[in-house]
Every structure is written in C-alpha cells, then in structure tokens.
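Subject: Structure handover

Hello,

Here is the structure for you to look through. Please keep it open while you read the notes below.

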Amino acid sequence: MAENKELEQVIPNKYELKLKGKVREVKFGNLALAKIERKYGSVTNFKALQKDMESKPMDTLPWLLSICIKDKSDIGESVDDMLMALDDSDILISDISELLGEAMNSAMSRINGDGKKKAEKVTV
C-alpha cells in the first residue's frame with residue numbers, strides 16, 4: 001500500500017468532464033492562474049475568488065470552468081455559453097464545483113511543493 005501512495009505522488013491527477021457528448025480535460029494550470037491573477041489582482045487572492053463562488057456561483061463557476069477546460073471548440077466563450085453546455089449535458093453546478101475544487105486543490109499542492117510533477121531543470 002505504501003508503494004501506491006508514493007505512485008500517487010508521482011502521477012499527476014487527471015480531471016475530465018463529459019460535456020456536450022465529448023470528454024474534455026479540465027486542467028487548473030498556468031493559464032487558469034494567469035486569468036485569476038488578471039481578474040483578482042493576484043494568484044493568491046483566493047479569498048476574493050471564494051467569495052465570488054459563494055455569492056455569485058452561477059457566474060463564477062462557469063467562468064472558472066471555462067478557463068480550465070482544454071477544448072471549448074463547440075461550446076463558446078461566454079459564461080452563458082458554458083451554462084447552456086452544462087444544461088445540454090444535464091450537469092449540475094454543484095458537480096462542477098466539486099470537480100473544480102479537486103482540480104484546484106491538486107494543482108495548488110503541486111505549486112506549493114507537496115506535489116506530483118515538477119518542471120525539469122534544463123542546463124545550457
């Protein structure tokens with residue numbers, strides 16, 4: 001069992017969502033962090049993000065999903081487009097909240113150094 005725990009620390013978590021009949025990767029990575037920084041002024045301003053998630057979940061959660069989803073080719077760019085895609089796929093906003101929470105926690109543990117995958121150092 002100890003080997004499995006060590007293996008989990010090496011293999012990055014993969015998050016997927018079936019949206020509009022297509023399996024899509026959800027990745028809370030550098031682009032998502034940059035977009036959070038642009039909107040909230042800092043990548044560490046998670047209190048403001050959390051407040052928006054609680055007070056305006058129907059705007060904030062679809063926006064957050066849209067900055068984390070890899071393939072949005074047939075969805076559109078607006079929050080309303082994402083909400084329509086979720087409706088078309090019978091996905092509840094509470095399910096999105098749970099998925100995004102897991103993806104964000106996984107990414108933040110990697111950023112904070114507890115994590116699974118680190119950039120390789122290249123020397124020239």
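A residue is called buried if its relative accessible area is under 20%, exposed if it is over 50%, and partly exposed in between, with a 1.4 Å probe and protein chains only. At 8% relative accessibility, Ser 66 therefore counts as buried. Ser 66 lies in helix α4; helices (H or I, at least four residues) and strands (E, at least two) are DSSP runs, numbered from the N terminus. Apart from neighbours within four places in sequence, Ser 66 is in contact (heavy atoms within 4.5 Å) with Lys 72 and Met 82.

This is a predicted model, in which local features need pLDDT of at least 70, side-chain atom pairs count only at pLDDT 80 or more, and totals for chains, interfaces and linings use all residues. Residues are numbered from 1 along each chain as its sequence is written, and side-chain values use heavy atoms, with hydrogens and water left out.

Confidence

pLDDT is the predictor's confidence in each residue, from 0 to 100. The protein chain has an average pLDDT of 82, and 79% of the residues score at least 70. Among its elements, α5 has the highest mean pLDDT (96) and helix α1 (residues 2-10) the lowest (46). Over residues 6-11 the pLDDT stays under 50, and the model has six contacts beyond four places in sequence for them. Residues 118-124 are also below 50, with one contact in the model beyond near neighbours in sequence. Where pLDDT is low, the predicted coordinates should not be read in detail.

The core

A nonpolar core is a set of buried Ala, Val, Leu, Ile, Met, Phe, Trp, Tyr and Cys residues joined through side-chain atoms within 4.5 Å. The largest one has 30 residues, of which Leu 19, Phe 28 and Leu 64 touch the most other members. Two or more residues come from each of β1 (15-19), α2, α3 (46-55), α4, α5 (79-88) and α6 (93-111). Which element gives the most to this core? It is α6, with seven residues.

Leu 61, in helix α4, counts as buried at 4% relative accessibility. Beyond four places in sequence, Leu 61 touches Met 53, Ile 93, Ile 96, Ser 97 and Leu 100.

Helix α5

Met 82, Leu 83, Ala 85 and Leu 86 are the buried residues of α5. Seen down the helix axis, they fall within an arc of 160° (taken from the directions from the axis to the C-beta atoms), so they line one face of α5. Asp 80, Asp 87 and Asp 88 are exposed on the other side. Just after α5, Asp 90 has a positive phi of about 55°.

The aromatic pair

Rings of Phe, Tyr and Trp (its six-membered ring) pair if their centres lie within 6.5 Å; planes under 30 degrees apart count as stacked, over 60 as edge-to-face and the rest as tilted. How many aromatic pairs does this rule give? The count is one. Tyr 40 and Trp 63 form it, edge-to-face, at 6.4 Å centre to centre and 70° between the planes. Tyr 40 lies in helix α2 (residues 30-40) and Trp 63 in helix α4 (residues 57-68), so the pair ties together parts that are 23 residues apart in sequence. Tyr 40 and Trp 63 are both buried.

Regards
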